[in-house]
Every structure is written in C-alpha cells, then in structure tokens.
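Please look at the structure below with an eye to its aromatic rings and their surroundings. The report that follows goes through them step by step.

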Amino acid sequence: MTDLAAAGDLETPAHLLRRFEIDVLGVDMDAATVEMSMSLAGMRNPFTGHPTVAPLGLLVDSANGMSNHYRHRGREWTVSSELAIELSPEGSVVAAADDAPPVVATARPLGPRDSGSSLSVCTLTCGGVVIGGGTVRSYFVTPDEVNMDEPEETLVRTERTTLAELMAVEPVPAPDGVWRLRQKVDPFLNNAVGIVNGGIACAGLELAASAAVNTGEDLMRTASVRVNFLRPFYASEKSRYEASPLRIGRGTAVADAQAIGDDGRPALVARITAYR
C-alpha cells in the first residue's frame with residue numbers, strides 16, 4: 001500500500017504531466033500553493049479543426065487539485081467534485097494562438113478547509129497577461145490502496161501529435177444532433193485508482209460542447225466551463241462524451257455535455273458558455 005501522506009497528488013500522476021508537457025514551476029506544501037504551466041499552441045479541436053482551450057481543464061485540475069491535496073490529513077486523498085474556468089473576452093484567442101507562450105496557472109487555497117472538502121482558486125496568465133481563472137473543489141477520501149506503478153507510455157509524442165491522440169479520443173458522427181467524442185482506453189490517462197483523470201474528462205467535455213455550438217462560419221469562443229463530477233469515469237468501448245446545444249444566438253451560445261462511463265450512466269456533467 002502506498003503511503004498517501006508522502007506521495008504527492010495522486011489524481012494527476014507525474015507521467016500524465018509529462019505527456020502533456022505540463023511543467024511544475026513552484027510548490028509550497030506548507031502554504032498549499034502551486035504554479036504550473038502548459039502550452040496550448042497548435043492544439044486543435046478534432047471536430048472543427050479550430051484552436052482550442054480544452055486542455056485548460058487539465059491544467060486547472062492539476063494545479064488546483066494539488067493545492068487541495070496539500071491540505072490532506074493522514075492517509076487522505078483528494079477527489080475533484082467541481083471545476084470551473086472563466087476566461088476573459090480575448091482569453092481563448094490569446095492562449096490558443098499558434099505562437100502563444102505557455103499558460104501559467106497559479107493556485108492557492110480559498111478559505112479554510114472544512115471537515116471533508118477543500119476549495120482552491122488559480123489565476124491563469126499567458127505572456128504575463130491575466131486571461132482568466134479557475135476553481136476546483138475537492139473532497140477527501142481514504143482509499144484502501146492505490147496503484148502508483150507507472151504504466152508504459154502508449155504514445156510517442158512528436159511535433160505532429162494531435163490533441164486527440166494525446167487524449168486518446170475520436171469523434172463519432174452525430175446525425176441526431178448530439179456531438180459524440182469516444183474516450184478510448186489508455187492506462188496512461190488514468191489516475192492511481194484506475195479511472196480517467198478528471199482534467200482529461202473536463203477537456204473532453206469542452207471539445208464536444210464547443211463543437212456543438214460552432215456549427216456556423218463565425219467562431220464561438222469558450223468563455224466559461226462548469227463541471228460537476230458525479231461518479232468515477234471508467235474508460236471502455238462504450239465510454240464517450242456527448243454534447244448538445246441549449247441555445248445558439250447571434251452573439252452567445254450555451255451547450256450541455258456529459259461523460260458517459262462504461263455502465264451507461266453520466267459520470268460528469270458540464271455547461272459551457274461561448275461568445276463571438
């Protein structure tokens with residue numbers, strides 16, 4: 001059994017940070033502050049081919065989740081229960097430009113920890129400019145055991161590797177108006193208890209929802225993402241992300257998305273708002 005008190009954040013293992021080239025810039029365990037960076041340059045939505053901010057879900061979940069984890073007691077481990085991202089009007093354009101510098105997430109605790117949960121907030125900057133922020137609420141559990149063995153990498157990343165390949169996802173035709181993104185089985189994307197990492201799932205939800213509202217010529221830019229984690233998300237032949245628009249107006253659009261697990265039930269739900 002792994003010593004959880006000394007293991008670091010088990011939700012986002014080090015090998016996942018390496019695949020997505022997320023750098024840990026600074027950590028203060030006593031203050032529970034964390035700074036991480038990640039480049040979005042060149043990443044594309046596999047449905048539309050447009051630049052995407054979907055990977056910010058992984059960056060925010062990683063930085064804020066680690067901040068929450070550092071407030072654990074004894075053999076506790078944190079599990080994300082809510083995640084939110086808010087971007088400035090030009091935030092998505094700045095962060096996802098082909099020549100954009102990495103986005104930096106600086107996370108810290110927000111308020112005292114109660115008996116069972118913790119809340120953290122991060123500031124998102126790109127090239128020294130604040131482009132938004134994010135929050136993650138985590139609750140504490142004490143699992144019997146976790147698997148900290150590092151899986152073998154299933155992907156060789158090159159300059160041509162796509163975001164879809166990094167996330168092991170595949171668009172599915174949507175003749176019924178529901179946008180579907182298949183989540184393939186890839187042990188490298190799992191956390192220490194064998195479920196799909198929460199940040200990966202948040203990114204999948206944003207990709208599907210963004211595609212659902214970008215059916216016209218004028219691009220809708222994601223402004224806010226709000227995710228609730230309902231139950232563990234296990235990847236299988238049936239696991240997928242589904243999204244459908246609630247409203248597509250002249251200047252704004254809203255879509256709902258859900259991650260469907262191997263049991264056919266929603267594991268995560270999200271609402272994404274976008275603006276022209």
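The charged end of R113 lies over the ring of F140, at 3.6 Å from the ring centre; a charge counts as sitting over a ring if NZ of Lys or CZ of Arg is within 6 Å of the ring centre and within 35 degrees of the ring normal. The model is predicted, and its local features need pLDDT of at least 70, side-chain atom pairs count only at pLDDT 80 or more, while totals for chains, interfaces and linings use all residues. Residues are numbered from 1 along each chain as its sequence is written, and side-chain values use heavy atoms, with hydrogens and water left out.

A search of the whole structure finds two aromatic pairs, where rings of Phe, Tyr and Trp (its six-membered ring) pair if their centres lie within 6.5 Å, and planes under 30 degrees apart count as stacked, over 60 as edge-to-face and the rest as tilted.

| Pair | Centre to centre | Angle between planes | Class |
|---|---|---|---|
| F47 and W179 | 5.5 Å | 85 degrees | edge-to-face |
| F233 and Y241 | 5.6 Å | 65 degrees | edge-to-face |

W179 is partly exposed, with a relative accessible area of 24%, whereas F233 is buried at 2% and Y241 is buried at 0%; buried means under 20% relative accessible area, exposed over 50%, and partly exposed in between (1.4 Å probe, protein chains only).
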